[in-house]
Amino acid sequence: ITHDGLRSIYHHINFTFGYLRLPLFTVISGYVYDLRPLQARGAILAFLQGKARRILLPLITATTLSLLLVAVLHGSSIYEAGIWKSYVFGYRHYWFLQALIQVIVVVAVVEWFGGMSTLGRWALCEAAAVLVALTPNPTDFFSFDGFLFLLPFFVFGIGLHRYDRIRSQRGLFIVAVAFGGAGLTLQQLGRFGVIDIPIQRADLLGIVVGLSANYVLFMVRRPIPFLAWIGAYSYAIYLFHHFGISLGKRAFIATGLGSNDVYFLVKLALGLSVPIVIEVVSRRYVVSRRLLLGLR
């Protein structure tokens, strides 16, 4: 395989998993939320304060550090006119945290009214979340469009943990395999121009594939110790992986290596290891673990 061919393979893998990556991360977030959900109406303020510390503080810190890194590497003048937009409209992948905090606020309010206290009520909330996700996005202020996209997957994650019937239905698993497989097939056909079909993660096809495929992944998952160990650092990896990737890119250019597979492996290794080191070190100090990770 030529270097260009190898690079295209990486791009194609990235494209193929486009319907799965963020939906999976969001489903897991909803699943983890339900491990310690909002328990009482009177606790909603303390609950939201804790989520704000865990999400908003690292969001502000990571965005600021990322902007500083860009300023050092490329010159600060490119951000002098509109640096505030990075905090208000989202910057790089950090839009996810802006959208996620809105999802959590909405879910907390729904939980306060008992909106998902039964399987039937949860199903109505899931259907409403899907409909909302399919509405035209009115604004990208504080990544509101991302909030619409994430909501059905977060609610789905709650249901996966909260209601055994969702996980125990063999017929539902078969339907999910069929819909997920059909959706991914259409995605691939559209990718190669065999059929003319819009490919967007927030359209009906993207939501169907995201829900179906992630349901299948949850049902067939098996423990893999090494990935479980890495998963313990997933939040730090999400926040700071691009620092490692940037370091890998500069190291690759400096060494003059010409192999795309080596380039990929170097960036992968540093994209994982640098955030892990950041978390291990920052946990030792009160200020750093609060600002970088949102921990007490």
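This is a short tour of selected residues in a predicted model.

**Stop 1: Gln98.** Select Gln98 in helix α5, which spans residues 95-112. Gln98 is buried, with a relative accessible area of 2%. Now show its surroundings. Leaving aside residues up to four places away in sequence, Gln98 touches Leu59, Phe142 and Ser143, along with Ser86, Tyr87, Val88, Phe89 and Gly90.

**Stop 2: Phe25 and Phe96.** Turn to the aromatic rings. The model has 17 aromatic pairs. Pick Phe25 and Phe96: their ring centres are 5.4 Å apart and their planes stand at 65°, so the pair is edge-to-face. This pair links distant parts of the chain, with Phe25 in helix α2 (residues 21-33) and Phe96 in helix α5, 71 residues apart. Colour both by accessibility. Phe25 is partly exposed at 29% relative accessible area, whereas Phe96 is buried at 1%.

**Stop 3: Trp112 and Phe113.** Select another edge-to-face pair, Trp112 and Phe113, at 4.8 Å centre to centre with 80° between the planes. Trp112 is partly exposed, at 30% relative accessibility. Phe113 is exposed, with a relative accessible area of 58%.

**Stop 4: the nonpolar patch.** Switch to a surface view. Select Leu186, Leu189, Phe192, Val194 and Ile195, which make a nonpolar surface patch of about 430 Å². Centre on Phe192, in the loop between α9 (170-191) and α10 (204-220). Is Phe192 buried or exposed? Phe192 is exposed, because its relative accessible area is 59% and the cut-off is over 50%.

Definitions and conventions. Residues are numbered from 1 along each chain as its sequence is written. This is a predicted model: local features need pLDDT of at least 70, side-chain atom pairs count only at pLDDT 80 or more; totals for chains, interfaces and linings use all residues. Side-chain values use heavy atoms; hydrogens and water are left out. Helices (H or I, at least four residues) and strands (E, at least two) are DSSP runs, numbered from the N terminus. Buried means under 20% relative accessible area, exposed over 50%, partly exposed in between (1.4 Å probe, protein chains only). Contact means heavy atoms within 4.5 Å. Patches are made of residues with over 30% relative accessible area and no salt bridge: like charges are joined within 9 Å, nonpolar side chains (Val, Leu, Ile, Met, Phe, Trp, Tyr) within 5 Å. Accessible areas come from the Shrake-Rupley method with a 1.4 Å probe; for residues, only the protein chains shown count as cover. A salt bridge is a side-chain nitrogen of Lys or Arg within 4 Å of a carboxyl oxygen of Asp or Glu. Rings of Phe, Tyr and Trp (its six-membered ring) pair if their centres lie within 6.5 Å; planes under 30 degrees apart count as stacked, over 60 as edge-to-face and the rest as tilted.
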